[in-house]
Amino acid sequence: MSTSTQAPATKLAFLAQLEQKLKGMPESEIATAISYYDEYLSDAGPENEAKALAQLGSPAEVAAGIMGDYVHADATSDNKTVVGGLNNIWVVIIGIFAAPIALPMALAIIALIFSLLMAALSVVFSFFVTAAALVLAGLAYLGVGFFTMATSFATGLLTVGIGLVAMAIGSALLIVFIWALRQIINGVAVLGAKLLQRWNNRNTGREVAS
Amino acid sequence: MFQLGSSLLDGCVLAVLAREDAYGYNLTQDIKEVISVSESTLYPVLRRLQKDEMLTTYDQPHSGRNRRYYRITDAGRERLGQTQTAWTDFKTDVDTLLIEGGKKADSSDIIKANNTEVDADIQKGGDST
């Protein structure tokens, strides 16, 4: 695109550059275009070649005209080549316009899923910490309680009781924690498998369609 | 000041070819003699008309190489007729407005209707028979 806008000096140079610029089109289209301009410049005659080249303009411009019309014709014809009703050019245009939206959107969705996962994990983890703390505190109360029993039996008994209650609640929470963790791991695994399957289906489906 | 849209350009090329078969260079020169078009606009037009079967090509040897001639088909003649009719109507309407300042009360509607007709022609490419 940033190559010189000056017309090439010779027919051969023009044709070579034109062929370069037409890359991406079907071979037959390129060949037809090249032979047309080859013939055109030959018909202009050697004495008019420079003038004809100047009038044609840069190979990039000529190529743009050819490609633009080719795509347009392809898009407006309702026959052959194009796969469905929606044709190449629209897919490209929609793709270009959607890219700035789709990409950040995909990132946002990934971030959202990740943060939800993290939130769930942290709730579960806090359960675990609470449970563990209760069990440990219960143990401590139990120990202190036994010691206190020597001096004051009633206070010691109360402390031992509190410790036992704390340990009971703590272990109950631990059970809940283990259960929740199992559910989350299962859920993530199932979700992941489903997504993977859908992805595979879509890919194979696309291959079949094209 | 004015530029030919693709359906008018198609029509002009078909009209020149309706007179006689031509090859790329002399066709371009014939058209350029009358109206200024860029040298590179004709090839896409020819290619499109060929794909739409408005014209066919044949090669003839000329001084050690081949020259590709373009010949109008029956479908091309039919299309040319349609373009000529549409153009005549359009021209009348533009004259009504541009030259006479719009005598008819409903001339703008007619212009609109004709514009959509021309647009439709562009959209359809070569499908109309």
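I take buried to mean under 20% relative accessible area, exposed over 50%, and partly exposed in between, with a 1.4 Å probe and protein chains only.

**Ground rules.** This is a predicted model, where local features need pLDDT of at least 70, side-chain atom pairs count only at pLDDT 80 or more, and totals for chains, interfaces and linings use all residues. Residues are numbered from 1 along each chain as its sequence is written, chains are lettered from A and ligands numbered from 1 in the order in which they are written, and side-chain values use heavy atoms, with hydrogens and water left out.

Next came the surface, by the Shrake-Rupley method with a 1.4 Å probe, where only the protein chains shown count as cover for residues. The accessible surface of chain A is about 14100 Å², and carbon and sulfur atoms hold 73% of that. For the fold I used DSSP runs, numbered from the N terminus: helices are H or I with at least four residues, strands are E with at least two. I then looked at contacts, meaning heavy atoms within 4.5 Å. Of the contacts in chain A with a separation of 6 or more, 61% join residues 24 or more positions apart.

**Where A meets B.** I found 21 residues of chain A in contact with 23 residues of chain B. Buried area here is the accessible area (1.4 Å probe) that two parts lose on being put together, summed over both. Between chain A and chain B that area is about 2000 Å², with 48% from carbon and sulfur atoms.

I looked up the polar links too. A polar contact is a pair of N or O atoms within 3.5 Å; within protein, one must be able to donate a hydrogen and the other to accept it, and residues adjacent in sequence count only if both atoms are side-chain atoms. Six residue pairs across the interface of chain A and chain B meet that rule, both residues being at pLDDT 80 or more. On the chain A side, helix 2 (27-44), helix 3 (49-56) and helix 4 (59-76) each give two or more residues. Helix 2 of chain A has the largest share, 10 residues.

A salt bridge needs a side-chain nitrogen of Lys or Arg within 4 Å of a carboxyl oxygen of Asp or Glu. I count four between chain A and chain B. B:Arg67 pairs with A:Asp43 in a salt bridge, with the closest N and O atoms 2.8 Å apart.

**A helix in chain B.** Helix 3 (residues 42-51) of chain B is mostly covered, with eight of its 10 residues buried. Among them I noted B:Arg47 and B:Arg48, as well as B:Leu42 and B:Tyr43. After this helix comes B:Glu53, with a positive phi near 60°.
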